[in-house]
Amino acid sequence: MLFDSSENLPPVVLTTIRTFRNTDTAAICKVWNAHYGDLGAECRLAPLQIELATLAKPYFVADDLLVAEHDEQMVGFLHLSPVPNDDSSEVSTNEAAIAALCCVPCDGEGAVAEALLARAEAMLVERRIAVCRFKPLLPKCAFYQGFGPADSMIGATTSERRGCRWLTAAGFTPAQATTQWELDLSNYQPPIDRVQIQIRRSTRIERLPDEPMGPWWQACWLGHTEASQYELHHRSEQRLICDAMFWTVAMELQTSPDTIAWLWPTSIPTGEQGAEHLTFLLGEVCRQLQSERLDLVRTATPASDTRFNGILRRLSFVAEQSGMVFEKRLAVREQLAPDN
């Protein structure tokens, strides 16, 4: 038990908060799997996955992985995530994220989560972090993507009611509605109309022979994946129109029996036919992934991005899950100037 249940006395939480140790990996997986135990095997986490997708990242900091213990048993953990700056060249100095918050289901789970969130907030305030978000969309979160509900890519899903209660109690508020999209490649056919046929005649698609040369943050994030960059070029004008990147992980890291490719966030190119060009590129790449015997393509978007979401629907993507990114503005005091 986590509580002293003596009569007429308030419950006392006997929880110790400490930082990560190298021997904690198996226990973290055990807590994760207990936390998501009712969501099925696809949400389970194994030591190899956490080692490669989290602990091996260049920006992993042991002090940012907080562990809650009771009687020397791990009962919960919270993992703070760095956030990239605007050009993804380094870590932001005024934003942070929570990449995971898991507690073993029990009567005292709310108190454990409260203690973890309070310690995390104190750490962020000390670092003068102004805002913290719970599992924001890529590229704003550093760990666990590909694992857990909705691949941990769309904030809190509708299935994470416990976590939503804990965040709300700690002062977090809903900030961004999100959607996870999924395309079943088994019977996929790209859209065909007069405009798409014209684009096919005037352009060519190139798959880069090497992994894409992205900014520092993206390169670190993709370290456990195999990424492929595709470019759409205008034939006669010899110019790049748009590009898209897809990434996969090795079968031993995937929790689904299906082979999945994820689409890295991309933008619609400017110009009158920008949406048509991106539709053609994504449609042709999905057709190529189908020929390579992949099963699914997934991506995550803001629910408010109606233009890009319209492209996904046109490509036969289905809105598989909804989520919400929670946010808290932290009370960071202005640093006083030194006396002259």
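The model is predicted. It holds 18 salt bridges and two cavities of 30 Å³ or more. The largest pocket has a volume of about 350 Å³, and about 60 Å³ of space lies in the largest cavity.

**Salt bridges**

- Arg133 and Glu95 are joined through their side chains by a salt bridge, with an N to O distance of 2.5 Å. This pair links distant parts of the chain, since Arg133 belongs to strand β5 (residues 131–134) and Glu95 to strand β4 (residues 91–103), 38 residues apart.
- Glu95 has a relative accessibility of 17% and therefore counts as buried, the cut-off being under 20%.
- A salt bridge also connects Arg207 and Glu292, whose closest N and O atoms are 2.9 Å apart. Because Arg207 lies in strand β8 and Glu292 in the loop between α7 (274–291) and β12 (296–302), the pair ties together parts that are 85 residues apart in sequence.
- Arg239 and Glu237 form a salt bridge through their side chains at 2.4 Å, N to O. Arg239 is partly exposed at 37% relative accessibility, and Glu237 is partly exposed at 46%.
- Glu95, Arg133, Glu327 and Arg329 belong to one network, joined by salt bridges that share partners.

**Thr203 in strand β8**

- Thr203 is part of strand β8, which covers residues 203–207.
- With a relative accessible area of 2%, Thr203 is buried, because the value falls under 20%.
- A polar atom of the Thr203 side chain lies 2.6 Å from the backbone oxygen of Ile199.
- Beyond its neighbours within four places in sequence, Thr203 is in contact with Leu232, His233, His234, Arg235, Ile241, His277 and Phe280.

**Gln145 in the loop between β5 and β6**

- Gln145 is located in the loop between β5 and β6 (156–157).
- Although it lies in a loop, Gln145 counts as buried, at 3% relative accessibility.
- The side chains of Gln145 and Trp221 are joined by a polar contact of 3.4 Å.

**Pro105 in the loop between β4 and α3**

- Pro105 sits in the loop between β4 and α3, where its relative accessibility of 45% makes it partly exposed.
- Pro105 and Val75 are separated by 30 residues in sequence and by 8.6 Å in space, C-alpha to C-alpha.
- When residues up to four places away in sequence are not counted, Pro105 touches Ala34, His35 and Arg162.

**Helix α7**

- Helix α7 has 18 residues, and its span of 26 Å from first C-alpha to last is close to the 26 Å expected at 1.5 Å a residue.
- Of the 18 residues of α7, 13 are buried, so the helix is largely enclosed by the rest of the structure.
- Arg293 follows α7 and has a positive phi, near 70 degrees.

**Largest cavity**

- The largest cavity is lined by Leu80, Ile98, Leu117, Ala120, Glu121, Leu124, Cys132, Phe172, Lys328 and Leu330.
- Helix α3 (residues 109–126) gives the most to this lining, with four residues.

**Largest pocket**

- The lining of the largest pocket comprises 22 residues, and those nearest its centre are Leu137, Leu138, Pro265, Ala300 and Pro302. The elements that give two or more residues to this lining are β4 and β12.
- Strand β12 supplies the largest share of the lining of the largest pocket, with four residues.

Methods
Residues are numbered from 1 along each chain as its sequence is written. This is a predicted model: local features need pLDDT of at least 70, side-chain atom pairs count only at pLDDT 80 or more; totals for chains, interfaces and linings use all residues. Side-chain values use heavy atoms; hydrogens and water are left out. Buried means under 20% relative accessible area, exposed over 50%, partly exposed in between (1.4 Å probe, protein chains only). A polar contact is a pair of N or O atoms within 3.5 Å; within protein, one must be able to donate a hydrogen and the other to accept it, and residues adjacent in sequence count only if both atoms are side-chain atoms. Contact means heavy atoms within 4.5 Å. A salt bridge is a side-chain nitrogen of Lys or Arg within 4 Å of a carboxyl oxygen of Asp or Glu. The expected span of a helix is 1.5 Å times one less than its number of residues. On a 1 Å grid over the protein atoms alone, a cavity is a set of points where a 1.4 Å probe fits but cannot get out, and a pocket is an open set with protein on both sides within 12 Å along at least five of seven lines; lining residues have an atom within 4 Å of a point. Grid points are joined across faces, edges and corners, and a volume is the space filled by probe spheres set on the points.
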